[in-house]
Amino acid sequence: MRLGVLDVGSNTVHLLVVDAHPGARPLPAHSHKADLRLAQLLDPAGAIGPDGVDRLVATVRDAVEAAEDKGVEEVLPFATSAVREATNADDVLARVREETGVDLKVLSGEEEAKLTFLAARRWFGWSAGKLFLLDIGGGSLEVAYGMDEEPDCAVSLPLGAGRLTAAWLPTDPPDPSDVKALRRHVRAQIAARWGSSPASAPPTTSWPRRRRSSSSPASREPHARPTVSTYSAN
Amino acid sequence: MPQLAAMTTRERAELPGVSEGRAGQLLAGALVAEGAMDLFGIESVEICPWALREGVILRRLDHLPGV
């Protein structure tokens, strides 16, 4: 069957059409991207302004039409960080529903990290052993790790590249003191999340030691395989 | 990183693999990648072509009745 995913992200609204069957790998058939930059259209109170909502509605309508044109049977519409954290998320979702018929599902940060981890696990396979996933999006950073398809830990932090740029790096080129302040903020956020709850902390000191070069015979053993899925890779 | 931090958005857009739309966010993204790698003790990474959208599709397919 031909499936569509409509991803309302912090940078783009992306319709991905795939030919998908149970047991087969999904084959991309069509991809349509609109640069909406929702994360940057937030007003000072953290709401998506009227202009942003209008553009979102129009973009979703276009995407639904494109999906129909391509013969998509079912569209899976979801939204991530930008809508999730908008103070007027309920109003935005209601307007999209009323004007396009699309019921956007807002993924929690944890769901987002889990689903991305599932994709990385299916891509690299079981032989990759322990996976450590970082996904740097426009609005959030997802971190997940584990041996299985369901990660042992799945966390989302508000450290997306678009969000941070808008909040911390107002000039071009950036002011060195702003860069330093952002560097400190990023590291403090990550350290605070993992430093305070040792039970869920990854075995940081053992990652490098457990990694082995692929030529060594020991590489067949499960090893930690850090995986980065960046916002620009897709 | 110091080199990247000194560049303008326009200059970053000239780098291989950097799109115009994302050039402005490149430095912040790099600071996050570097910070996470340092703090988690990760020395190298592999880029995964699949991410959230594929995860949503895979999860949906898992719940379809088999053939």
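**A tour of the two chains**

Guide: Strand 1 (residues 2-8) of chain A and strand 2 of chain A run antiparallel and are joined by seven bridges. Please keep in mind that the model is predicted.

Visitor: How many residues lie between strand 1 and strand 2 of chain A in their hairpin?
Guide: There are three residues between them.

Visitor: Which residues face each other across that pair?
Guide: A:Leu6 stands opposite A:Leu15 in strand 2 of chain A. Another pairing is that of A:Arg2, whose bridge partner in strand 2 is A:Asp19.

Visitor: Is strand 2 of chain A enclosed or open?
Guide: Strand 2 (residues 12-19) of chain A has seven of its eight residues buried, so the rest of the structure largely encloses it. On another side of the pairing, eight bridges connect strand 2 to strand 3 (residues 27-35) of chain A, and these two strands run antiparallel. Within that pair, A:Thr12 is opposite A:Asp35 of strand 3.

Visitor: What is the strand order of the open sheet in chain A?
Guide: The sheet has five strands in the order 3-2-1-4-5, and the pairing is mixed. Strand 3 and strand 5 (105-106) of chain A are at the edges with a single partner strand each, so one side of each has no neighbour in the sheet.

Visitor: What holds paired strands together in general?
Guide: Strands of a sheet pair through backbone hydrogen bonds, in either the parallel or the antiparallel sense.

Visitor: Let us step back. How many helices and strands are in chain A?
Guide: Chain A has seven helices and nine strands. Of its 234 residues, 44% are buried. Among its contacts between residues at least 6 apart in sequence, 62% join residues at least 24 apart.

Visitor: Where are the domains of chain A?
Guide: Domain 1 of chain A covers 2-106 and domain 2 covers 109-230. Nine residues of domain 1 are in contact with nine residues of domain 2. The domain 1 side of that contact has two nonpolar, six polar and one charged residue.

Visitor: I noticed strand 7 of chain A. How many bridges pair it with strand 6?
Guide: Strand 6 (residues 131-136) of chain A pairs with strand 7 over six bridges, in the antiparallel sense. The two form a hairpin with four residues between them. Here A:Leu133 has A:Ala144 of strand 7 as its bridge partner.

Visitor: And what comes on to strand 7 from strand 8 of chain A?
Guide: Five bridges join strand 7 to strand 8 (residues 153-157) of chain A, again running antiparallel. This hairpin connects through six residues. Strand 7 (residues 141-146) is mostly covered, with five of its six residues buried.

Visitor: Now chain B, please. In what order do its elements run?
Guide: From the N terminus on, the elements of chain B run α-α-α-α-β-α. Its radius of gyration is 17 Å, well over the 11 Å that the globule rule gives for 67 residues, so chain B is more spread out than a compact globule. Its C-alpha atoms fill a box of roughly 55 × 30 × 15 Å along the principal axes. Buried residues account for 37% of the 67 residues.

Visitor: What about helix 4 of chain B? Which of its residues are buried?
Guide: Among them are B:Leu26, B:Leu27, B:Leu31, B:Val32 and B:Phe40. B:Gly41 follows the helix and has a positive phi, near 70°.

Visitor: How many residues of chain A are in contact with chain B?
Guide: 56 residues of chain A are in contact with 44 residues of chain B. The chain A side of this contact divides into 37 nonpolar, 11 polar and eight charged residues.

Visitor: Could you give one residue as an example? Which residues does B:Val56 touch?
Guide: Leaving aside residues up to four places away in sequence, B:Val56 touches A:Val5, A:Leu76, A:Phe78 and A:Leu115. B:Val56 belongs to helix 5 (residues 52-62) of chain B.

Visitor: Why does B:Val56 count as buried?
Guide: B:Val56 counts as buried because it has 26 C-beta neighbours inside 10 Å, and the cut-off for a buried residue is 20 or more.

Conventions: Residues numbered from 1 in each chain as written. Chains lettered and ligands numbered in written order. Predicted model: local features only at pLDDT ≥ 70, side-chain atom pairs only at ≥ 80, totals over all residues. Rg over C-alpha atoms; globule rule 2.2 N^0.38 Å. Buried ≥ 20, exposed ≤ 12 C-beta atoms within 10 Å, placed from the backbone. Contact = placed C-beta atoms within 7 Å. Nonpolar A, V, L, I, M, F, W, Y, C, P; charged D, E, K, R; others polar. Pairing = 2+ DSSP bridges. Domains from an automatic or database assignment.
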